[in-house]
Amino acid sequence: MAVEPVDELPADDARLVSWAGPAFILFSIVLIPWTIYLGFNLPDRQESSHYNIAWVGFDVMLLVVLAATGFFALRRSPFLAVGATAAATLLVVDAWFDVVTSPPGSQFLQSLASAVLIELPLAAVCGWLAYHTEHLEEERIVLLQTPRGNR
């Protein structure tokens with residue numbers, strides 16, 4: 001015998017969720033003075049002995065997230081929202097750091113063009129995919145919870 005869906009959504013009463021909201025707001029507030037401190041105290045220039053490893057590692061993470069997003073899209077998976085959100089985030093971060101760490105001249109212009117023409121538009125597509133997937137999942141849940149006679 002099939003279980004009929006209930007009329008009310010189950011409440012999310014997980015203890016982690018109840019303290020995560022206030023904790024993350026507190027973390028963001030604490031980050032304000034820290035960010036101001038860094039803005040005044042970090043050097044304008046810094047040589048890094050692992051600069052290449054940092055960028056290659058970041059690009060590998062981006063590659064994995066983009067591949068996962070593509071896989072989830074092909075499968076029409078509800079995990080597409082998570083993958084697309086992660087991809088959008090990494091693409092925006094990549095665009096930001098490419099532009100602000102580029103030396104003046106042709107490298108800066110190349111980074112700016114890449115950000116404006118590739119990374120940021122792709123991040124916008126990923127944002128739309130995440131929104132669309134979440135919206136579709138919400139519609140499916142509502143449909144499943146609607147009594148059969150009211151459909």
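How much space lies in the second largest pocket? About 170 Å³, with volume taken as the space filled by probe spheres set on grid points joined across faces, edges and corners. A pocket here is an open set of points on a 1 Å grid over the protein atoms alone where a 1.4 Å probe fits, with protein on both sides within 12 Å along at least five of seven lines; lining residues have an atom within 4 Å of a point.

Before you click around: this is a predicted model, where local features need pLDDT of at least 70 and side-chain atom pairs count only at pLDDT 80 or more, while totals for chains, interfaces and linings use all residues. Residues are numbered from 1 along each chain as its sequence is written, and side-chain values use heavy atoms, leaving out hydrogens and water.

Next, go to the largest pocket, with about 430 Å³ of space. Pick Gln-46, Ser-48, Tyr-51, Trp-55 and Thr-101, the nearest to its centre among 13 lining residues. Then show helix H2 (residues 51-74), which supplies the largest share of this lining with four residues.

Last stop: helix H3, residues 80-100. Its 21 residues reach 30 Å from first C-alpha to last. Colour the buried ones (under 20% relative accessible area, 1.4 Å probe, protein chains only), including Leu-80, Ala-84, Leu-91 and Asp-98.

Methods
Helices (H or I, at least four residues) and strands (E, at least two) are DSSP runs, numbered from the N terminus. The expected span of a helix is 1.5 Å times one less than its number of residues. Buried means under 20% relative accessible area, exposed over 50%, partly exposed in between (1.4 Å probe, protein chains only).
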